[in-house]
Amino acid sequence: MQTDVFARNPVLRGYWYAVAQSIDVAPGPLAVTVLGEPLVLWRTTDGVLTAARDCCPHREAPLSLGRVVESGLQCPYHGWTFGASGVCVRIPSAPPARAVPPTARLTPVHATERYGLAWVSLDAPVADIPAMAYDGDPRFRRLNTPVEVWRVSATRMADNFMDIAHVPWVHTGTFGRAQPPEVPPLTLEPLDDTFYGYRYTIEANNPDAATVTSGSQAPVVTRWMTTGFALPFTTRSTICYATGLEHVLLLLTTPFDDVTSYFTFVVWRNEDCAVPADEVIAFDRRIGREDQAMLERIPGVLSLDVAATASVQADRPSLAWRRQFAALLQGAA
Ligand code: FES
Ligand SMILES: [Fe+2]
């Protein structure tokens, strides 16, 4: 198996990937790239999210440079217009009575919306979008964040999001200074039907900028946590504070290609909703920028051969993701 590239592996085409916030496609068109494949997203006039290869069947112009009109998505090159099903409904250069060629249709891509996000799957989906029981639970509110582009391989992001040994080193500007660097033995187990990971407790630094997020003024707060992954690139962390506040993070990584990724996260919290969402998620976004700054200095793809890099016991969670991801690519997971 080739381990330095993964984005062209057909196995990955059957999974859902978050590519934009729902509010980003209003109505589009919006260009995104998933697993190296340029796509266009738009909304039909009745609001249905739609996606296709970003390539006009006439002379291959990017449809994302066109516009959404009443009858569909209009190509910028010769104005051919494609309806919701991807069939061409208008060819301005041809007399209205002439039949539309049967090849004048878009290559559709599966698209849906969940958790305030637009998701695509290049082939027929083989798995559902990871389940979040908090969504729709009236005790929790959901907070969305912008979709960012990180110059980082999705392999390194998934590895990092399962790793806690970097916290006292990378997160010194946020929550990381209160922790001892030694990582206790971690036991990996199914956390529920969707996520595989570990339970742990950490003392988190709680600077002024964190007090809105943690709901506490104490200089250090205890977090009872779980962190787990769902293949290929989704991670969930749950945080419980002594006050009973729960803060749940869904970290979503989508490979643009082997070495570039989209990243967004969604938060669910059981709290009263008086505090503006931007204030609640500002501290988490600072934490993410600390990871991004470190990871963008590490070039290339993380080898999926675990023997290619040195590891210790503290790396067991990220190694578990790496082994399962490698098995998935080989069709064995
Ligand atoms: S390339 Fe799209 S209409 Fe010609
Ligand atoms: Fe981190």
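Trainee: Which residues of α5 are buried?

Mentor: This is a predicted model, so keep that in mind as we go. In α5 the buried residues are Pro317, Ser318, Leu319, Ala320, Trp321, Arg322, Phe325, Ala326, Leu328 and Leu329. That makes ten of its 14 residues, and the helix is mostly covered.

Trainee: What covers the buried residues of α5?

Mentor: The cover includes α1 (154-161), β14 and β15.

Trainee: How do I check the span of helix α5?

Mentor: Count 1.5 Å a residue: the 14 residues of α5 (residues 316-329) should span 20 Å, and the end C-alpha atoms are 20 Å apart, which agrees. After the helix comes Gly331, which has a positive phi, near 80°.

Trainee: On to rings. How many aromatic pairs does the structure hold?

Mentor: There are 15 aromatic pairs. Take Tyr196 and Phe229: their centres are 5.9 Å apart with 70° between the planes, an edge-to-face pair. This one links distant parts of the chain, with Tyr196 in strand β14 (residues 196-205) and Phe229 in strand β15 (residues 220-230), 33 residues apart.

Trainee: Is Phe229 buried or exposed?

Mentor: Phe229 counts as buried because its relative accessibility is 2%, and the cut-off is under 20%. Tyr196, at 27%, counts as partly exposed.

Trainee: And why is the pair of Phe263 and Phe265 tilted?

Mentor: Look at the angle: the planes sit at 35°, so the pair is tilted, with the ring centres 6.2 Å apart. Both of those residues are buried.

Trainee: What lies over the face of Phe175?

Mentor: That's Arg223, at 4.6 Å from the ring centre.

Trainee: Are Glu271 and Arg269 buried or exposed?

Mentor: Both are buried, and their side chains meet in a salt bridge at 2.8 Å, N to O. By contrast, Asp128 is exposed, with a relative accessible area of 55%, and meets Arg114 in a salt bridge at 3.3 Å, N to O.

Trainee: Which residues are linked in a network of salt bridges?

Mentor: Arg13, Glu37, Arg53 and Asp123.

Notes. Residues are numbered from 1 along each chain as its sequence is written. Chains are lettered from A and ligands numbered from 1 in the order in which they are written. Side-chain values use heavy atoms; hydrogens and water are left out. Rings of Phe, Tyr and Trp (its six-membered ring) pair if their centres lie within 6.5 Å; planes under 30 degrees apart count as stacked, over 60 as edge-to-face and the rest as tilted. Helices (H or I, at least four residues) and strands (E, at least two) are DSSP runs, numbered from the N terminus. Buried means under 20% relative accessible area, exposed over 50%, partly exposed in between (1.4 Å probe, protein chains only). A charge sits over a ring if NZ of Lys or CZ of Arg is within 6 Å of the ring centre and within 35 degrees of the ring normal. The expected span of a helix is 1.5 Å times one less than its number of residues. Contact means heavy atoms within 4.5 Å. A salt bridge is a side-chain nitrogen of Lys or Arg within 4 Å of a carboxyl oxygen of Asp or Glu.
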